[in-house]
Amino acid sequence: MATEIIRRGKQRFYPRKPRFFQLKTAKARCIWRRGDHNAFTDLVWFRGALFCVFREAYAHVSPDGALRILKSSNGGKVWHSVACIRSNVADLRDGKLIQMPDGRLQLLGAGALHDHSQGTHQSYVWLSDDGEHWGDAIPCGESSIWLWRLTWQLDTAWAVGYSCMEQRFVRLYKSDDGVHFAPWVSTLNDAGYPNESGLLFLPDGRALCLLRRDPHVGLLGIANPPYFDWQWRELNKRIGGPDCIQLPDGRILAAVRLYDYKVRTSLCWLDIDNATLRECLVLPSGGDTSYPGLVLNQDLLHISYYSSHQGKTAVYHSSIRLDALPA
């Protein structure tokens with residue numbers, strides 16, 4: 001980024017560099033780049049191993065998207081492919097991995113349908129006992145509403161879906177089995193173009209929602225049980241691909257794509273009282289990047305994400321000790 005020189009009389013003033021140049025950059029390692037375009041990740045700890053899912057395809061938008069799943073049994077040092085799920089009716093996108101209360105592993109993803117006569121998108125769920133062998137796709141939710149992320153609270157699954165139709169809104173869904181979802185709040189938010197979300201339940205029962213809203217700054221939503229009435233406030237940053245996690249000390253960490261000055265994927269502290277994100281750690285990233293997954297295992301925070309800063313969209317993994325996170 002070039003530095004602008006401001007001349008005032010005979011003096012020259014150099015504006016201070018944007019704050020992200022002064023932030024610490026995490027270490028990360030590429031774990032997959034074999035596909036032409038490798039993107040949109042998520043991460044889960046399941047039966048003593050890390051599993052990472054992402055879309056592998058010809059391009060960022062192309063009809064051939066498949067959901068590839070990698071496994072690491074040694075904390076992210078070595079990864080190998082254990083499954084690749086394809087569809088002959090849809091471009092599969094944005095897989096999310098979730099452990100169910102009954103111990104099975106669940107994969108949520110959306111299909112951009114080739115035939116639009118029944119809608120533009122359909123969400124699907126796949127189930128597995130071991131993370132390597134998966135059952136058939138089970139359609140879930142409503143046509144043309146993209147179930148973005150699924151979160152279990154005790155024995156109830158919650159998901160925020162966003163409309164892929166001309167009318168833009170997000171909708172909150174509830175499910176008792178993680179497969180059959182019914183609308184709980186028909187219009188959760190319709191300000192601007194709300195879409196991707198990160199949903200987090202706090203120990204006191206409150207629900208938090210980080211919501212992407214293009215081209216504006218993101219939104220923070222908070223609700224008490226039974227999650228009918230939501231209070232929304234504008235965040236201080238525009239965000240993409242949000243995910244968030246609460247640490248043992250109560251602090252909330254969000255992983256997002258940031259757009260100011262330089263597009264990048266970063267970790268930010270979320271202050272829910274003031275609805276602010278404070279960037280604390282930059283992940284090596286740039287260009288086509290985002291869609292992180294977060295996993296906390298003992299004192300290690302594991303992060304998956306994708307980026308094109310090394311020339312090709314590839315999937316990366318980073319692990320950070322909690323005591324090494326910048327305050």
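**Reading pockets and aromatic pairs**

Me: Which strand gives the most to the lining of the largest pocket?

Reply: β12 does, with five residues, a strand being a DSSP run of E of at least two residues, numbered from the N terminus. This is a predicted model, in which local features need pLDDT of at least 70 and side-chain atom pairs count only at pLDDT 80 or more, while totals for linings use all residues. Residues are numbered from 1 along each chain, and side-chain values use heavy atoms, without hydrogens and water.

Me: How is such a pocket found, and what volume does the largest pocket have?

Reply: Rolling a probe the size of a water molecule over the atoms shows where empty space is left. Here a pocket is an open set of points on a 1 Å grid where a 1.4 Å probe fits, with protein on both sides within 12 Å along at least five of seven lines, and lining residues have an atom within 4 Å of a point. The largest pocket has a volume of about 650 Å³, the space filled by probe spheres set on the points, which are joined across faces, edges and corners. Of its 23 lining residues, the closest to the centre include Leu-150 and Cys-244.

Me: How is a pair of aromatic rings, such as Trp-32 and Phe-54, described?

Reply: A pair is described by the distance of the centres and the angle of the planes. Rings of Phe, Tyr and Trp (its six-membered ring) pair if their centres lie within 6.5 Å, with planes under 30 degrees apart counted as stacked, over 60 as edge-to-face and the rest as tilted. Trp-32 and Phe-54 are tilted, at 6.1 Å centre to centre and 50° between the planes, and link strands β3 and β5.

How values were computed: Helices (H or I, at least four residues) and strands (E, at least two) are DSSP runs, numbered from the N terminus.
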